[in-house]
Amino acid sequence: MDYVSALLPPVVMAIFFIGVVRVIVKTQGGAAKAKEDAAVDAALARAESARQPSAPTGDA
């Protein structure tokens with residue numbers, strides 16, 4: 001009976017992990033994909049513009 005209690009936690013974690021992976025795979029794409037991609041693109045653009053210093057205007 002000790003082997004059952006020793007194997008139970010890894011088996012439960014494996015089942016949970018498989019479930020998480022299945023949910024991730026199922027939610028990829030679909031109707032929300034374009035919206036998620038646009039949100040990521042906007043966040044990347046904001047990060048890029050914040051990282052680059054403003055260009056000098058040349059007025060002296």
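1. The chain holds two helices and zero strands; both kinds of element are DSSP runs numbered from the N terminus, with helices (H or I) of at least four residues and strands (E) of at least two. Please keep in mind that this is a predicted model, where local features need pLDDT of at least 70, side-chain atom pairs count only at pLDDT 80 or more, and totals for chains, interfaces and linings use all residues. Residues are numbered from 1 along each chain as its sequence is written, and side-chain values use heavy atoms, leaving out hydrogens and water.

2. Let's look at helix H1, residues 2-27. Its 26 residues should span 38 Å at 1.5 Å a residue, and the end C-alpha atoms agree, because they lie 39 Å apart. The expected span is 1.5 Å times one less than the number of residues.

3. Where does H1 bend? The bend, about 35°, is at leucine 8, and proline 9 follows within four residues. A bend here is the angle between axes fitted to the seven residues ending at a residue and the seven starting there. Just after H1, glycine 29 has a positive phi of about 80°.

4. Now for cover: buried residues make up 0% of the chain's 60 residues, and H1 has zero of them among its 26. Buried means under 20% relative accessible area, exposed over 50%, and partly exposed in between (1.4 Å probe, protein chains only). Tyrosine 3, in H1, counts as exposed because its relative accessibility is 59%.
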